[in-house]
Amino acid sequence: MKVCDIIEKLNLKVIGGEEGLQNEVTGGYTSDLLSDVMGNVDEGQIWITLQTHRNVMAVASLKEVAAVIIVKDLEADENTISQSNDEGIPLLSSSMEAYELSGELYQLLKG
Amino acid sequence: MKRFKADLHMHTVLSPCGSLEMSPTVIVETALQRGLDIIGITDHNSTRQCAEVIKLGQEKGLTVLGGAEVTTKEEVHCLTFFENIEKLEAFQMYLDAHLPNIQNDVDKFGHQVWVDANEEILGQEERLLISGLDQSIDELEQKVRQLDGLFIPAHIFRPSFSIYSQLGFMPFDIKPDAIGMSARVNVDEMLGKHPELKKLTVLRSSDAHFPDQIGSHYSIVELAEASFDELRKALRKQDGRKVVELK
């Protein structure tokens, strides 16, 4: 499944990194500790978090994730958005909480 | 230039996790007994105990820097220090405006009172001080700069509440005056692994919550005199002032 399909199915907003909307998604990872994400997220996964700091996009790029989803409609920092555009990694947003969103994504990818 | 012992991270009775014994009198007396020259008062998200400790320090001949250990939105702990009471009060207004309105549960978290030199209670903070502010680390740094204070991310390699745990690495656009590393960290090894930190001054402190812990770790600094300005110069490695050893 591609990032753009997931955007449509989970009603996500695109905040940045449109260049990467065709990225193939292999799974998901939910965590707010960037140190943990650096150690455990796999390439091609969608990363779900409430962190909005610019370092999020640096970690996303380092680990080559398919996209990042910020939960609860939290507003991403401006330099996070610009880095998402620079890296071409989609930065998405959802009104759902991490629990709900992770469940929905799991169902979608499992199905 | 003279050498001074500085322990710049300790909690008082005001922090819910700080021992009720950590009164201004006990802190100042213990610090002096242990040969410290400079201490920093850094309660969680509050500066309200600082004035009493600073006043007592002046009477007893101990340099006391007032500040707070602030929890940012990312849950990173950062030490902040300010030069005088006016700036501390201005910073307190910022803390008051940005601390979430979650009430302290005294039974679960502990008391949050500030006291005078006679251990009389001067006030009580009702909001839970260990919550995170609704401010990012960048916004906090900006506020500290605006008040000409010192900005020092605390225990940066701790597995929780640290820059490295919460944000993965030192953000490129942050310009700390110094960084804190706890005593269990091998500083040379970590600077080897993280060359981006090599230009920064490293501080070690006790993070004391109990009187016994005051001065258990400290930094030795070379200054002309024990003052805020001189310490700022040492952290920025200016005019021959510097941190020379971590104990």
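This is a predicted model: local features need pLDDT of at least 70, side-chain atom pairs count only at pLDDT 80 or more; totals for chains, interfaces and linings use all residues.

Let me begin with a term: helices (H or I, at least four residues) and strands (E, at least two) are DSSP runs, and they are numbered from the N terminus. By that convention chain A has five helices and five strands, and from the N terminus on its elements run α-β-β-α-β-α-β-α-β-α.

Residues are numbered from 1 along each chain as its sequence is written, with chains lettered from A and ligands numbered from 1 in the order in which they are written.

First, chain A as a whole. Its radius of gyration (taken over C-alpha atoms) is 12 Å, close to the 13 Å that the globule rule gives for 111 residues, so chain A is as compact as a globular protein of that length; the rule itself is 2.2 Å times the number of residues to the power 0.38. Along the principal axes, the C-alpha atoms of chain A fill a box of roughly 35 × 25 × 25 Å. I will call a residue buried if 20 or more other C-beta atoms lie within 10 Å of its own, exposed if 12 or fewer, and partly exposed in between, with C-beta atoms placed from the backbone; of the 111 residues of chain A, 44% count as buried. Two residues are in contact if their C-beta atoms, again placed from the backbone, lie within 7 Å, and among the contacts in chain A with a separation of 6 or more, residues 24 or more positions apart account for 52%.

Now to strand 2 of chain A, residues 27-30, whose covered face consists of A:Gly28 and A:Thr30 and whose uncovered face consists of A:Gly27 and A:Tyr29. Strands pair if DSSP finds at least two bridges between them, and here four bridges join strand 2 of chain A to strand 3 (residues 45-49) of chain A, the two running parallel. In strand 3 of chain A, A:Gln45 is the bridge partner of A:Gly27. Between these strands the chain crosses through helix 2 (residues 34-40) of chain A, and this β-α-β crossover is right-handed, a term that applies if, with the strands pointing away from the viewer, the path from the first strand over the helix to the second runs clockwise.

Why does A:Val65 count as buried? A:Val65 does so because it has 27 C-beta neighbours inside 10 Å, and its place is in the loop between helix 3 and strand 4 (67-70) of chain A. Leaving aside neighbours within four places in sequence, A:Val65 is in contact with several residues, among them A:Gln45, A:Trp47 and A:Ile89. The C-alpha atoms of A:Val65 and A:Gly44, which are 21 residues apart along the chain, are separated by 4.6 Å.

Helix 4 of chain A, residues 78-87, has A:Thr80, A:Gln83 and A:Ser84 as its buried residues. Seen down the axis of helix 4 of chain A, these fall within an arc of 105°, so they line one face of the helix; the arc is that of the directions from the helix axis to the C-beta atoms. What covers them includes strand 1 (13-16), helix 3 and strand 5 (91-93) of chain A. Just after helix 4 of chain A, A:Gly88 takes a positive phi of about 70°.

Turning to the contact between the chains, ten residues come from chain A and nine residues from chain B. On the side of chain A that touches chain B, helix 2 of chain A gives the most, with three residues.

In chain B, both faces of strand 2 (residues 38-41) are covered, with B:Ile38 and B:Gly40 buried on one side and B:Ile39 and B:Ile41 buried on the other. Two bridges join strand 1 (residues 2-7) of chain B to strand 2 of chain B in parallel, and four bridges join strand 2 of chain B to strand 3 (residues 63-71) of chain B, also in parallel.

Finally, B:His155 has a phi near 25°, a positive value in a residue other than glycine, and B:His155 is buried, with 26 other C-beta atoms within 10 Å.
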